[in-house]
Amino acid sequence: MQAGRLDRRVMIEQVSLANDTFGDPVETWSVLDTVWADVKPVRGIEPFAGEQFQAKADTKFRLRYRANLDATMRLRYRGDLYSIVSILELGRQEGLEILAFARGV
């Protein structure tokens with residue numbers, strides 16, 4: 001993995017459960033880490049469903065290998081949130097390739 005291509009800052013966020021004032025469980029997101037990544041848009045589509053356009057952007061993130069990343073987490077890049085669809089190991093723990101879909105804020 002070439003360090004020069006990792007030129008974008010991406011936040012990795014993880015979910016945890018907390019209780020609100022009534023004792024009901026509420027999802028909260030916290031930043032696990034901020035990492036350098038190579039970000040590449042794969043494609044963008046705007047399907048028409050239910051009389052509304054629903055934009056969805058596929059994006060590929062490449063970053064250095066880390067063992068504590070899974071698909072329950074999400075990425076934040078330039079203010080947008082990305083749901084992780086798949087995580088592929090590059091080489092022998094040289095890096096990770098993450099396919100994610102933009103969710104908006």
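In this predicted model, Thr 28 is partly exposed, with a relative accessible area of 32%. That residue is found in strand E2.

**Surroundings of Thr 28**
- Apart from neighbours within four places in sequence, Thr 28 is in contact with Gln 14, Val 15, Ser 16 and Ala 18.
- Thr 28 and Leu 17 are separated by 11 residues in sequence, and their C-alpha atoms are 6.1 Å apart in space.

**Arg 66**
- Arg 66 lies in the loop between E5 and E6.
- Arg 66 counts as buried because its relative accessibility is 16%, and buried means under 20%.
- The side chains of Arg 66 and Asp 33 make a polar contact at 3.0 Å.
- When residues up to four places away in sequence are not counted, Arg 66 touches Ile 12, Leu 32, Asp 33, Val 35 and Leu 96.

**The largest nonpolar core**
- The largest nonpolar core has 16 residues, of which Val 10, Phe 61, Leu 69, Leu 75 and Ile 98 touch the most other members.
- Two or more residues of this core come from each of strands E1 (8–19), E2 (25–45), E5 (56–64), E6 (74–77), E7 (80–90) and E8 (95–102).
- Leu 75 touches Val 10, Met 11, Ile 12, Phe 61, Asp 80, Leu 81, Tyr 82, Ile 84 and Ile 98, with residues up to four places away in sequence not counted.
- In soluble globular proteins, nonpolar side chains tend to be buried together.

Key: Residues are numbered from 1 along each chain as its sequence is written. This is a predicted model: local features need pLDDT of at least 70, side-chain atom pairs count only at pLDDT 80 or more; totals for chains, interfaces and linings use all residues. Side-chain values use heavy atoms; hydrogens and water are left out. A nonpolar core is a set of buried Ala, Val, Leu, Ile, Met, Phe, Trp, Tyr and Cys residues joined through side-chain atoms within 4.5 Å. Buried means under 20% relative accessible area, exposed over 50%, partly exposed in between (1.4 Å probe, protein chains only). Helices (H or I, at least four residues) and strands (E, at least two) are DSSP runs, numbered from the N terminus. Contact means heavy atoms within 4.5 Å. A polar contact is a pair of N or O atoms within 3.5 Å; within protein, one must be able to donate a hydrogen and the other to accept it, and residues adjacent in sequence count only if both atoms are side-chain atoms.
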